[in-house]
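Reader: I have a model open and want to go through a few parts of it. Can you take my questions as they come?

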Amino acid sequence: MRNAHARHEPHLTDPLAAVRNLGILAHVDAGKTTLTERILYATGTTHKRGEVHDGTTVTDFDPQERDRGITIFAAAVSCAWDGHRINLIDTPGHVDFADEVERSLRVLDGAVAVFDAVAGVEPQSESVWRQADRHGVPRIAFVNKLDRAGADLDTAVASIRDRLHPAPLVVQLPIGAEDAFTGVVDLLDMQALTWGDTQDGMMRGPVPAELREEAGRRRRLLEEQVAELHAGALEEFCETSRLTEATLRTALRELTASGDGVVVLCGSAYHNRGIEPLLDAVVAWLPSPVDRPPVDGMHDGTAQQRPADPAAPLAALAFKVQATPTGRLTYLRVYSGTIEKGDTVWDPSAGRGERIGRILRVQADRHAPLERAAAGDIVAVVGLKSARAGTTLCAPDAPIVLEPPGSAEPVVSVAVEARRSTDTERLAQALARLTEEDPSLVVRTDTETGQTVLSGMGELHLEVAVEKLRREHRLEVNVGRPQVSHRETVGRGVRGLVYRHVKQDGGAGQFAHVVLDVEPLDVEAGFEFRSTVTGGRVPQEYIRAVEAGCRDALGEGPLGGHRVTGLRVTLTDGSTHVKDSSEQAFRTAGRFGLREALRSCAMVLLEPVAEVTVTVPDDALGTVLGDLAARRGRVTGSTTRTGTATVTATVPLAELFGYATRLRSRTQGRGTFTARPTGYAPAPAQAPAAR
């Protein structure tokens, strides 16, 4: 029988304390969407378990997601468990959609990181973990697929410790292994939790006799680990040589919030085993909005904060925009205050008010109307015209700007054109809508060829975007071959470059004199600007203008018009004119001065590279290594386990186009790979400098 308290709505004294805003994070195919589906079923939100392979899941509702069997777009759902409201976002696992994960993490209070019990920590698992680190999002871990051949909880936990470096605190012991996996021992209350093949519900019972000694040993190990990390637990442990269940639960919640430890649970989402304890863990150990620090923002250059309080001034962040047949949906995380249907809110970036037409509780592609949304809520609203992902909405009389989610630069581009000239305008409108929904897509016009160029985070990312043009916008388009986005950097700098900007055209003149030093930096450092001007020879406001001009010049380098990165510019001297100097004049001098300096530097062309992890049968290893070498790959590691070999290599991104097909053909369909962009490296002299 399914858990009786699953359908309860929040009844705690403080409604905010009964809210959990969390995301499901993982590598592709670790089981995120299946886990989300089982959570919805266990909480009584759905009455039938959907399957990814059947295309019947709630959160993978887009036709492309169902066709491809992967999550592409972050989907929000809501459910209730044990008197708590859980707002859950199922995020993509493929690296091409990492920006979708970034925007989701920006608005979450906690997360469940899902790991494959066979593979452990995979490349994208590591990437999303680091993203969560940057946002300070507390996490618990769920080791999934314990029913698979080769599954091993201890090995997966060791990979979490070794690759992610938190202190994993394992609170469960599996009962059975692989296809005999039937449940877990809860090491906190020392009970067995089991699930049958034909029953939906979880059954509690005593720990099996053959596992009592091992369960006791692991409980003792858990107590020792917690005592090492938590001062209060250490005090009790020193006095009594043990920890009570109450002390363990309190310490685990505090260690989760601080990030000093990560609670590890296990199960099999596909077979519906381990879901109820995971929901209990979400409620017990992940924070509510009131447990998180007040959100930080700015107004007129002054730092401000907004507490998670429905009575405080409104502060909300738009993190997703979606065009639907019935209107434009803007997804909001409300950090403070309350909004009601018909309210006028302020968009400080656009400098205009916006009217809230409708407020909706989101259930993937279905929506339920709400009269209001308060601090802690994640909702969608209808009626906003100018809001984009990253836009702050606030009270008109208490303006604030919240930090928007970060966005990575595109690394792959394709040229697109309408097959019929009469569709050119429609294509431009469709591309504008695509970039509005997905800010990691960039559209530009190539100045040399006049072509429209669509840029994104990878080959799959662009395939999905083009398919949306065809399916949703009914456009027939021609698409060019994918091209990587090169960069340029400084190999050898230049010192003392003098540039004078003097212009007299009958009216007020323009005068700016700057002296620049340019030197190389690490590519990952991007761009740095500093000034060593003394004696007030260049006023501070003009120095800022020079920096802005230098940043303008980074858009096109001298080798092929690619963006320039990895350099430091120092303003060492300059002079002004009493009447003709202005910020605009010094900005112009900074732009043209740096361009001239770069032409004098020794420049290096950079190409994007990716860390590739290839898993193949042992007998195909030699073939795969030879193919990677032919693609200019540099092998960085390899491991073998149970008849399979895993190779890690750094490969230029341009060499990976079409690699999936080649790998399948060379391994009779048994090989798989993942690629994660890791930055830029010098391109060989013969590498194409495609823009």
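Predicted model: local features only at pLDDT ≥ 70, side-chain atom pairs only at ≥ 80, totals over all residues.

Reader: Start with helices. At what angle do H8 and H9 pack?

Author: Helix H8, residues 245–258, packs on helix H9, residues 275–285, at an angle of about 75 degrees. The axes of H8 and H9 are 9 Å apart. That angle makes H8 roughly perpendicular to H9.

Reader: Which residues meet there?

Author: From H8 there are Arg249, Leu252, Arg253 and Thr256. They meet Val283, Ala284 and Trp285 of H9.

Reader: How does that contact divide into nonpolar, polar and charged?

Author: The contact of H8 with H9 has 4 nonpolar residues, 1 polar and 2 charged.

Reader: Staying with helices, where is Glu223, and is it buried or exposed?

Author: Glu223 is in helix H6, residues 212–229. Glu223 is buried, since its relative accessible area is 5% and the cut-off for buried is under 20%.

Reader: What does its side chain reach?

Author: The Glu223 side chain reaches the backbone nitrogen of Leu243 at 3.4 Å. Leaving aside neighbours within four places in sequence, Glu223 is in contact with Phe237, Arg242, Leu243 and Leu248.

Reader: What does Asp423 touch?

Author: Not counting residues up to four places away in sequence, Asp423 touches Ala418 and Leu475.

Reader: And how far apart are Asp423 and Glu228 in space?

Author: They are 66 Å apart, C-alpha to C-alpha. In sequence, Asp423 and Glu228 are 195 residues apart.

Reader: What about Asp438, where is that found?

Author: Asp438 is in the loop between H10 and strand S26, which covers 442–445. Asp438 counts as buried at 15% relative accessibility.

Reader: What is the polar contact of its side chain?

Author: The side chain of Asp438 makes a polar contact with the side chain of His461, at 2.7 Å. If neighbours within four places in sequence are left aside, Asp438 is in contact with Arg103 and His461.

Reader: Now sheets. What is the strand order in the open sheet of 7 strands?

Author: The order is S2-S3-S1-S4-S5-S11-S6, and the pairing is mixed. The edge strands are S2 (75–81) and S6 (168–170), each pairing on one side only. On average, neighbouring strands of this sheet are turned by 30 degrees against each other, direction ignored.

Reader: How many bridges join S2 to S3?

Author: 7 bridges join S2 to S3, residues 84–90, and the two strands run antiparallel. One example is Cys79, whose bridge partner in S3 is Ile86.

Reader: Next, the open sheet of 4 strands. What is its order?

Author: That order is S31-S32-S35-S33, with mixed pairing. Strand S31 (494–503) and strand S33 (527–531) are at the edges, each with a single partner strand, so one side of each has no neighbour in the sheet. The twist averages 25 degrees from one strand to the next.

Reader: In which sense do S32 and S35 pair?

Author: S32 (residues 510–520) and S35 (residues 567–575) pair in the antiparallel sense over 8 bridges. Leu516 stands opposite Leu571 in S35.

Reader: Which strands does H12 lie across?

Author: Helix H12, residues 540–553, lies across S32, S33 and S35. H12 runs at about 155 degrees to S33.

Reader: Last topic, S22. How many of its residues are buried?

Author: Strand S22, residues 378–382, is mostly covered, with 5 of its 5 residues buried.

Reader: Which ones point which way?

Author: Ile378, Ala380 and Val382 point one way from S22, while Val379 and Val381 point the other way. In a regular strand the side chains alternate between the two faces of the sheet.

Reader: What does S22 pair with?

Author: Strand S15, residues 327–336, pairs with S22 in the antiparallel sense over 5 bridges. Leu332 has Val379 as its bridge partner in S22. Strand S19, residues 358–363, also pairs with S22 in the antiparallel sense, over 3 bridges. There, the partner of Arg358 in S22 is Val382.

Note on methods: Residues numbered from 1 in each chain as written. Heavy atoms only, no water. Axes fitted to C-alpha atoms, helices over the stretch in contact; angles between N-to-C directions. Parallel < 35°, antiparallel > 145°, perpendicular 65-115°, else oblique. Contact = heavy atoms within 4.5 Å. Nonpolar A, V, L, I, M, F, W, Y, C, P; charged D, E, K, R; others polar. Pairing = 2+ DSSP bridges. Buried < 20%, exposed > 50% of the residue type's maximum accessible area, 1.4 Å probe, protein only. Polar contact = N/O pair within 3.5 Å; in protein donor to acceptor, adjacent residues only side chain to side chain.
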